[in-house]
Each structure stands twice: as C-alpha cells, then as structure tokens.
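I opened the model today and kept notes on what I looked up. The entries follow in the order in which I made them.

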Amino acid sequence: MSQPRIELRSVTKSFARRDGSLNVVAGIDLALAAGEFVCLLGPSGSGKSTILNLIAGLDAASSGEVLVDGAPVAEPSRRCVLVFQEYGIFPWATVRENIALGLRDRTTSEIESTVKRYVELVGLQGFEDVYPGELSGGMKQRVAVARALAVQPHIMLMDEPFGALDSLTRLSMRAELLRIWEREKTTILFVTHDVDEALQLADRIVILSPRPAKIVEEVAVELAHPRDVAGPEYGRIKRRLYERLGVSHAI
Amino acid sequence: MGVWPYITIAVAVLVFVLGTRLSRSVTRIAFPFATAAIVVAAWRISCHLMEYDLRFPDGTVKRIPVFPTPFETVAAMVDMFRDGTIFRYTIASLYRVAVGFTIACVVGIPLGLWMGWSLRAHDALNPLVQALRPISPIAWIPLAILWFGIKDAAAIYIVVISSTFPIVTGAMAAVHTIPVAYVRSARNFGVSGFELYRRVLFPASLPQILISMRIALGVSWMVIVAAEMIAVESGLGYLIMDSRNANNYARVVGGMLCIGLVGWSLDWSMRRLERLDEVRWGFSKIV
Amino acid sequence: MKLKIALGAVVILGGLYAAHHYLNEKPQYHATAPSSDTPAGGVVRQSFTVGFLPVTCHLTCPVTSWVTRHSAKGTQFQAQKFTDFPSMKEALIARKIDATFMIAPLAMKLAADGVPVKIVYLGHRDGSALVVAKDSDIHTFTDLRGKTVAIPSRFSNQNLLMHRMMKQYGMKDGDILLKEVPPPEHPAALGAKAVDGFIVGEPHCSKAELEGYGRILYEMSELWPDFISCVLVVRQEVINDQRELVDELVRGIAASGEWLDADRATGAQHRKDAALVVGTQFYNQDPKLLEYVLMKPDRVSYSDLKPPKATFEEIMDLAVSTNIIPKRMKFEEYCDTSFAPDLETVSLPFDRMPGLDQISQQKK
C-alpha cells in the first residue's frame, strides 16, 4: 500500500471538565487510502465527531499522531473539509455565495465556472440566487456537499450529514453522494450510527465502541454499487455489524 | 366639557367588545382608533378633574384650568405646523439623532463584534463598557458642555453616548450566540482574521445587531429632549424646554406628541430592514 | 427556591423603603407645641410650604423657615428647595406649593397667563451683578456690543435690565446676544468661555470672582438702583381663604429681612449666622461663599421690600416692549401690597440665630 491519505497513530483525546477529565477517544489506529470511502459506525456520543475534528485540524489530539498525506495536521485546510449534519452553510448568503466560500482566492470567472459545475453536480440549477431559508433540508445538504466539493478537497469528512433528512431524501442523497464520489475520486470518511447507511456507502466499515472510542472491528464491504439490500452477502455483513455493536438480539 | 368624553369611552369599549367577533382586517383598523379615543377622552376628563374654582371674598368665582386639553394641544400643533416650526425642529432633531446614531453604529458594531469574538478584548473593555452603560445621558450634560460647548456637537455627543452602549452590548451578545458550526466551517474553508469578521461574525450577528440598533435608535430619539436641553436653539427637545419656560404647556404636549409620532415612524422604518434577505433568516415569521 | 427569591425581594424592598425613609425624608415639623403655650394642652401647628432656589435673593425664605422651626408658636414655614424656575412654576400651577420666591417678570407672566397668583412682597434689593471674564477687554457697557451675555431666563428682570441698558446706550435688539442659561451654570459657562459675560443673582457672581476668572463689571446699584430681581408670590386661593397665614408669612419674611440688615454697620454678625445656617442646612453650599457675598457692603440688602408701584410699571413696560408679556396689566392685577407690614411692628425675638449649637455639633 502506498502512503495513506489519512493516518491516525494511537490517537487519544480527552476534554477537561469541571468534574475531572472526560476521555473521549482512547487509542485509535486507522489509515485511509486515497479515494477510499470509509464509514465510522458507532453508537451516539461515541466520539466519532471528535475524530473528524482532529483530522480536520479543528481540534488537537491529546496524544498520538494525525497525519494527512504523511504530514501532521496543524490547522484547518481546504484540502480536508468537513460536512456537518446541521449543514454549516450560511443562511445570510445565497447558494452561489455559499458554494464560493472556499474559492475566495480564485478569479471571478474561475469562481463562476466552478460554482456552475458543482451546482449542476448536486442538481441545484436555478437555485443559485436563493437564500438557504427557502430551501428544503435535502437541498441545504446538497449545498453543503457542493460547497465542500468546490474546493476540490482530497478528503471529505462527513459527520452524519443526512441525519436530519427524511428517510426518502436520505436514500436519494446516498445515491447522489456515491455518484459524485465515483466521479470526483475524493477520499471520504463518513460518520454514521445507521448500519444500513454504512452498508450502502462504504468500502470499509470501522466499528467503534461506546465512549471512549476504540476500534472494535473493521469490516470490508466488497459489493458493487448499487448494492442489493436484499442480497445474502448484504444480510450477512449486516448481521455481523449488529452483533459487533452488541444489539444482535434486536433483529 | 360636556359628556362627549364619556360617550367616546363608551363607544370605544363597545368597539372592543364587538371587535372580538369581527375579523382581524377590521380590528386592526378599528382597535388602534378605539384605544386612541379612550386616551384622548381620559386626557380631557383628567383636565376637567384638575380644574378648580377660585372664590374671591366678594363672592365671584373663577374657573382655573391647570393642564392643556386635547383641543388646545391640537390647536397649538396646527399653529406650529402652519408657521413651519414643527418641520424646522423635526429636521434639527433628526439631523442630530442621525449623526449621533451613525457614529454609534460605526463605533459600536465593530467594537461589539471584536469584544464578542476576542476574549482578551472582552477582558480589557467589558468592565469599562458595562460601567459607562448605565450612566444617564442627563448626567453627561455638564461634561458634554465642557468638551463640546453649546452647539450641535454637544447634543450629538449625548445621543452617541446613549446609543453606543446598547449596540456594543447587543453585538457582543450576538457573537456569543453564533452557532459553532458557522465558525467551524468558516475556519475549515480558510476564513480567518478580518475575513472572519466580514464573512461570518458580522453577517451571523446582523439580525441581533439590528434589534439592538432598533433599541438604540429608540433610545437616541428618546434622549433628544435631554440632549437639546443644552443651550442649542432648535429641535423638538428645545421646543419642549422653550415652551415650558414660556409657560406654553399646549406646545409642550404638542412637542411630546410630535416626538412620539416621529419615533414611531423611525421604529417602523427600522422594522422594514428586518425584511432584507441578509437578515430575514434571523427573524421568526409570527408577526 | 422560588419562595426564597420572593422573600428576598420582599426583604430588599422593605429594607430599601425603611432606609430611604430614615435617610432622606425631611422632618415634617408637625410637632405639637409645648403644652405651656396652649391652654388646651398642645395643638398640632400649621405647616405652610414656600418654594425657593438656593440663591441669596431667596435668603429670607430659609431664614424664616429656620426661625419658625425654632419657635414654639405660630405657623411652621417649610422651605422647599427647587433647582430651576420651570419646576417651581409647575409646582405652583398644580397647587403643590402655596407660595414661592421667583423672578419678578415670571410672576407677572404667570398672572398674565391666567395663573391666579399675586406678588405680595419683594425678596431683596440689589443682589445681582454683571460679570465678565477677568482677562477680557470689556470695561464699559458699550464694550459688550457684539458679545454674548448669559441671562437666567427671558422672564428675569436681568433680561429686561439688559434691554433697558441697550436702549439707554443706543443699541438695537441683538447688538448684545442674550442667552438663557440656568443660574447655577453661569460661572461655569463664563469659565468655559461659552459666554463673554453673565448677569445673574448672587452667589454666582461672587463664585466667578472668588474662583478667579470673573470680574464684576457693574453692581446692580450702578445700573438700575431700583432693580427688583425676586419677589414673593402667593396663590390667590390662599390669599382669599387664609389671609392671616399670608400675613404671618410676610411679617416673618419682613422680620427676617430687618434682622439681617439690623447690624450691617456693626460687624454684621446676623449675616454670618445666616450664612452658616442657610449654607449648611438649606443651600448645601460652602457657608464661606455666602458669607463673602453677604459681608460685601451694598451687594445685597433685605430692607425696603414693599412692592413699589412705579418700578413695577416700568418692568411691565419693558416686558411688553420685549414681547415677554402680550398685554399690559394693571399693577393691582398682579400685585397685592396689603400684606406689607409696617416695619416698626416686626422684629425677631433674638439677637443671635437660634439653633447654631446644633450646626457646629453636626460639623464635628
């Protein structure tokens, strides 16, 4: 394997609190190859978001090393962007202005053509001059994805991006994300607590324990897209995932 | 006085009672007028109650009025309207408030944003701001005269001092409530320094800043009377002080009404701003 | 928890009310007179409120109040301090006070506007001065041409005097710019060079003089010997219904005035006493300043206070010609001289002011 795009070496993170320190991440070792789509799957509050923040450079690890392209992460960078559940897009700016957020150092015509390209990619043609307040949840999330892709990041860190959407929109957004990923070849680390979501999207699923987060198991999903959710292999992996999450009796 | 005030109150109450069964499109016109009618009638009655009889030893009795009636006030206002006093003085007051309020915004918004974002700026300046904020503009009058003399500048200073602090405090509080997601994604996309203020902190705080500006504009319009107590010789505040000195209480009340009406329209204009696309997201749609 | 907060609020409110009452409420002097004075064994004495401004022109008001406070019999005159004429005027219109000292033309204007009040006595004679900046090159009245002079109010006799002088020196209206400034701010306005001069009642002239930036250009006696600044005004209702009370008040004021002027030639101990009492108990000013004003010969006098018809007619003419009062009024419409006592029959029953020992004790 060549140099991994993302590499975490014995990373821990704890937060100081009034009643002592809270251990959130307890020794994670993880590597993502360029172009890989990996899901972090774990129960709510298991420190998944913290791991993304560490990789994005929005927070510093308590110990261990976080490397992107072999270099330690020191500060946030446009090469590695985060997409949040609560969108993080600016309600005071139009769709166009939001998507152009990371393109401030380009020329006007470059900005224009890039915005046009990604607006088309996420299917928001005609909404360029609309404010987010007038968009549906799914459309807002697409703005967030377009804004992230527009800077042509090497890495996209997605923190339960579809969590706030209704289930139908969620399904179509997943399909769209896969379509975009196949085209852009971006490395994606996707956090979710939804087993089906992880199964439908990822090349590899990393199961995390409840807080403090440790890797319980890594499961490779070698199924072609679009995946047959009723197929035997799908069902087998799904059962295994539930088992490792400690809820096998629930199905 | 006659019985008209009592009849007016009865009619207005009737409007309120019947109004509960009428549609909002009727009541939103009828109710304000009914309220106004009650206030005017109560005003007239209170004038009547304040009047007293003066009895002389020779048996003659004289009725002594104490407070101007609504009609006398309206007559005084019509007079002032005809001779242009109201227009002239409203312009003078608006000028002072406009300049003072603009200075307050130009100073207060950046200062508030800075104090809201930078903990060190907050540490250094917040005690000063919070200690200056509660000082009444009237208390500043002697200093204003010493520093700025008895021209417009002193009156404008009073407006500035009374409207800056609500804006600073408002902008600061607004920054404190910005959702962390906005700041994170901004940093993620390489926004920092002055750009962070321009692209995130300011626009994210703007709806709340607008509310504090609305309050501050109300305050500056309110303190115009105090500001114009300073030897300036124009303005609605001066009109009130001058008419008071001249024993013309109908003009005093007329000036008060004028300040109220202009203040109301200023507030109305500020509320229009809330409809701008850049800030509309920050206001609920109930009203 | 909520109960605790509610109880706390009640305790704080109650505590503040009690503390405010204890610290700030003035004693009301409705005390019962000693039983020895009244056969019936003690009655509640009447109380009567008279307004004043802390200026030497109104000195007889607090003096009379202090005297009746320390006397066992008669009405107690309460001296109610105001800081500006408009508030005083409004208290009078609303019948919250029964009598007050105020500038003469304002009293006449009130009467002209239909407020039922009458001038019954004068407050003092002289007691004002025209003051200019010490280092200015203004040395005569004509030097004031084109300059700004502060006046206490357009309804002050100081304003009318300026018009009278301007006419006398052949100047037009506006040759000297007159600016209304509240009396206490006159010295500061001169000090800050906001005006070139001011004309106002004492002790503000002396203050500018004592603090070194003011120079007396003219004493009032040099400008208009019959000048009247402040007068005692009583509501017509009180005159109609409580004649004896007004009589008692005017006699008290007259007696205080006589007492203040009695030993002027022989050390003026009375005035020193008055400066101490009034400065510390009523004006909240340095008694030294008041003493300075009161001890200067001819700066202010408290004799000859019966309203003189000829002077008032002249004031009325000036007021009408300067449009302060719309229509000429007859002297009797705003003045009632029937209360002015024969000065032979009034006197204070002591030489030194009563209650001085209390003040020196308080000082320690």
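**Entry 1: terms and counts.** I took helices (H or I, at least four residues) and strands (E, at least two) as DSSP runs, numbered from the N terminus. With that rule I found 13 helices and 2 strands in chain B. This is a predicted model, in which local features need pLDDT of at least 70 and side-chain atom pairs count only at pLDDT 80 or more, while totals for chains, interfaces and linings use all residues. Residues are numbered from 1 along each chain as its sequence is written, and chains are lettered from A and ligands numbered from 1 in the order in which they are written.

**Entry 2: the outline of chain B.** I call a residue buried if 20 or more other C-beta atoms lie within 10 Å of its own, exposed if 12 or fewer, and partly exposed in between, with C-beta atoms placed from the backbone. By this rule 35% of the 287 residues of chain B are buried.

Entry 3: I count two strands as paired if DSSP finds at least two bridges between them. In chain B, β1 (residues 52–55) and β2 (residues 61–64) pair in the antiparallel sense over 4 bridges. Leu54(B) is opposite Lys62(B) of β2(B). There are 5 residues between the strands of this hairpin, and Gly59(B) has a positive phi near 95°.

**Entry 4: helix α12 of chain B.** I checked α12(B), which runs over residues 249–273 and has 25 residues. From its first C-alpha to its last, α12(B) reaches 37 Å, close to the 36 Å expected at 1.5 Å a residue. The expected span is 1.5 Å times one less than the number of residues. The buried residues of α12(B) include Tyr249(B), Val252(B), Cys258(B) and Ile259(B). The buried residues of this helix pack against α3 (70–82), α4 (85–117) and α11 of chain B.

Entry 5: Is Asn247(B) buried or exposed? Asn247(B) counts as buried because 20 other C-beta atoms are within 10 Å. I found Asn247(B) in the loop between α11 and α12 of chain B. Its phi is near 70°, a positive value in a residue other than glycine. Most residues other than glycine have a negative phi.

Next I looked at Met172(B), which is in helix α7 (residues 152–176) of chain B. Met172(B) is buried because it has 26 other C-beta atoms within 10 Å. Two residues are in contact if their C-beta atoms, placed from the backbone, lie within 7 Å. Leaving out residues up to four places away in sequence, Met172(B) touches Gly112(B), Met115(B) and Gly116(B). Met172(B) and Ser205(B) are 33 residues apart in sequence, and their C-alpha atoms are 8.7 Å apart in space.

**Entry 6: where the chains meet.** Which chains share the most contacts? Of the 2 pairs of chains in contact, chains A and B do. Chain A and chain C do not touch, and their nearest C-alpha atoms are 24 Å apart.

The contact of chains A and B takes 16 residues from chain B and 17 residues from chain A. On the side of chain B that touches chain A, α8(B) gives the most, with 6 residues. That side has 8 nonpolar, 3 polar and 5 charged residues. Here Ala, Val, Leu, Ile, Met, Phe, Trp, Tyr, Cys and Pro count as nonpolar, Asp, Glu, Lys and Arg as charged, and the others, Gly among them, as polar.

The contact of chains B and C takes 14 residues from chain B and 16 residues from chain C. On the side of chain B that touches chain C, the elements giving two or more residues are β1, α6 (137–148) and α11 (236–245) of chain B. By class, this side has 9 nonpolar, 3 polar and 2 charged residues.

**Entry 7: the sheet in chain A.** I found an open sheet of 4 strands in chain A, in the order β2-β1-β4-β5, with antiparallel pairing. Its edge strands are β2 (20–32) and β5 (71–72) of chain A, each pairing on one side only.
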